[in-house]
Amino acid sequence: MGQRPAGTGGSNGSGSDGAGANPRSGRQETEEERADRQWGELLQELRVAQTGVQILFGFLLAVVFQPRFADLSTVDRNIYVVTVMLGSATAAALIGPVSYHRLLTGRRMKSQTVTWASRLTKLGLGLLFCTMCSTLLLILRVALHNVVALWLVGAMALWFLVCWFVFPLWAIARGDGRRRDGDDEG
């Protein structure tokens, strides 16, 4: 899938032979093949994120049943509630693309499915960032009982931002991440 013998599928560079080839993208694929490839890539990314979210969310759900939970201050309980809600929203956003795909399968809407699934994934990553920071805040407040917890969470939040957003944006700014025609999500 997605590969054509040499000399076929838009070899004239115009893409007007009906194959949908895009000479600037470096790939010889139709719109459907491109959507299939992008969907496969997105699924691989989601598998990593979903696993982490499910483990974190499971941990969060179990915390309330621990004997020490009753000893938490009102502030820490409020942080816990916010964290659980963020975890729920994160799980919904990162599992949402699967439901979206399942409900639209067979309707010849793969390209739109990839676009919306990608948007949900980006939203889910933003929510995951908030969930991770909130979880760290709760754990470090309980462990340290002082303001150092805020500084540590701030430092880790900065590290998450650098790893998840700054490095990719830096690559784009350098030109390493130029978007190829047909490789966008909409």
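Mentor: The second largest pocket is lined by 15 residues, and Glu32, Arg108, Met109, Lys110 and Ser111 are those nearest its centre. A pocket here is an open set of points, on a 1 Å grid over the protein atoms alone, where a 1.4 Å probe fits, with protein on both sides within 12 Å along at least five of seven lines; a lining residue has an atom within 4 Å of a point. The model is predicted, so local features need pLDDT of at least 70 and side-chain atom pairs count only at pLDDT 80 or more, whereas totals for chains, interfaces and linings use all residues. Residues are numbered from 1 along each chain as its sequence is written, and side-chain values use heavy atoms, without hydrogens or water.

The space in this pocket is about 250 Å³, a volume being the space filled by probe spheres set on the points, which are joined across faces, edges and corners. Its lining comprises three nonpolar, six polar and six charged residues. In this scheme Ala, Val, Leu, Ile, Met, Phe, Trp, Tyr, Cys and Pro are nonpolar, Asp, Glu, Lys and Arg are charged, and the others, including Gly, are polar. Helix 1, helix 2 and helix 3 each contribute at least two residues to that lining; helices are DSSP runs of H or I with at least four residues, numbered from the N terminus.

The packing of these helices comes next. Two packed helices are described by the angle between their axes and the distance between the axes. Axes are lines fitted to C-alpha atoms over the stretch in contact, and angles run from 0 to 180 degrees between N-to-C directions.

Helix 1 (residues 31–63) and helix 3 (residues 110–144) pack at about 20°, with axes 10 Å apart. Helix 1 is therefore roughly parallel to helix 3, as angles under 35 degrees count as roughly parallel and those over 145 as roughly antiparallel. Their contact (heavy atoms within 4.5 Å) includes Glu31, Ala35 and Asp36 of helix 1 and Lys110 and Ser111 of helix 3. By class, that contact has 13 nonpolar, seven polar and three charged residues.

The axes of helix 1 and helix 2 (residues 74–104) come within 9 Å and cross at roughly 150°, which means that helix 1 is roughly antiparallel to helix 2. This contact has 15 nonpolar, seven polar and no charged residues.

Finally, helix 2 and helix 3 pack at about 160°, their axes 8 Å apart, and are therefore roughly antiparallel to each other. Their contact has 21 nonpolar, twelve polar and three charged residues.

Key:
Parallel < 35°, antiparallel > 145°, perpendicular 65-115°, else oblique.
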